[in-house]
Amino acid sequence: TIPQSVSIREWKDKSGNENHATQTTTDDQPTITTSGMSGKSGLDFNNDKLSIPAIDMVGKTLFAVIQPDTSQEQQILSHSSINVQLRLSDSNKLQYAADSPLYTSGTASTGTLANNQISIVCFTLDNTLGFSINGTYQDSGVSKGSSGSSIFNQIGTREASSERFNGKMGEIMIIDSVSSTERQKVES
């Protein structure tokens, strides 16, 4: 068994593509939790962050198994120097935000997450922006623009170090599809 207080330098990519999430700064490393997510293992983010190889999210879907501890603006996926964010709003809605937006900045889901409860969430960056919380999908109706940032390279913080995630993450998965059939397969 793994002790609860172990800091994580690397969260391994299970796809075989070597897109590991890493953090070399000890104070910014999440810790492993073996029981904090209804008995399941995950990473406990307490103002921590991880770097990932840059990925263009247009035409892709981000899934995350998360359990927020508090209601505040906090990042799931963002960029280290460009203000583009897939996050939770301060009212626990899924939200897209950016300075140079591909979709209307501030677009949010109508559904909300509960603190201290596991949720499976997804963001679909298609011709319109879509959100899903625990299998309930919402097409925002907000169309993709012709320009704006869609490159993401970190988990758990906005730009250098603000609006950090405070809670647990059990898994993050990005698929190269915006198909509702594929989304439903993953969610089930």
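A: Leaving aside residues up to four places away in sequence, Ser-78 touches Val-84, Gln-85, Phe-152, Asn-153, Gln-154, Thr-157, Arg-158 and Glu-159. Contact here means heavy atoms within 4.5 Å. The model is predicted: local features need pLDDT of at least 70, side-chain atom pairs count only at pLDDT 80 or more, and totals for chains, interfaces and linings use all residues. Numbering starts from 1 along each chain as its sequence is written, and side-chain values use heavy atoms, with hydrogens and water left out.

Ser-78 sits in strand β7, residues 74-78. Strands are DSSP runs of E with at least two residues, helices are runs of H or I with at least four, and both are numbered from the N terminus. Ser-78 has 0% relative accessibility, so it counts as buried. Buried is under 20% relative accessible area, exposed is over 50%, and partly exposed is in between, with a 1.4 Å probe and protein chains only.

Now the strand. Five of the five residues of β7 are buried, so to speak of cover, the strand is mostly covered. β7 pairs with strand β8 (residues 84-88) in the antiparallel sense, over four bridges. Two strands count as paired if DSSP finds at least two bridges between them. Five residues separate β7 and β8, and the two form a hairpin. Gln-74 stands opposite Leu-88 in β8. β7 also runs antiparallel to β14, joined by two bridges. Here Leu-77 has Ile-155 of β14 as its bridge partner.

Next, the open sheet. Seven strands form it, in the order β3-β4-β15-β6-β11-β12-β13, with antiparallel pairing. β3 (31-37) and β13 (136-143) are the edge strands, each pairing on one side only. From one strand to the next, the twist averages 35°. Inside the sheet, β11 (residues 119-125) and β12 (residues 128-133) pair antiparallel over five bridges. Leu-125 has Leu-129 of β12 as its bridge partner. Helix α1 (residues 180-187) lies across β6 (61-68), β11, β12, β13 and β15, and runs at about 160° to β11. Axes are lines fitted to C-alpha atoms, for helices over the stretch in contact, and angles run from 0 to 180 degrees between N-to-C directions.

There are three aromatic pairs in the structure. Rings of Phe, Tyr and Trp (its six-membered ring) pair if their centres lie within 6.5 Å; planes under 30 degrees apart are stacked, over 60 edge-to-face, and the rest tilted. Phe-45 and Phe-165 have ring centres 6.1 Å apart and planes at 90°, so they are edge-to-face. Phe-45 is in strand β4 (residues 40-46) and Phe-165 in the loop between β14 (151-155) and β15 (166-175), so the pair ties together parts 120 residues apart in sequence. Both Phe-45 and Phe-165 are buried. Phe-123 and Phe-131 have ring centres 5.8 Å apart and planes at 75°, so this pair is edge-to-face. Phe-123 is buried at 0% relative accessibility, and Phe-131 is buried at 1%.

Last, confidence. The chain has a mean pLDDT of 93, and 97% of its residues reach 70 or more; pLDDT is the predictor's confidence in each residue, from 0 to 100. Confidence is lowest in β3, at a mean of 87, and highest in β12, at 98.
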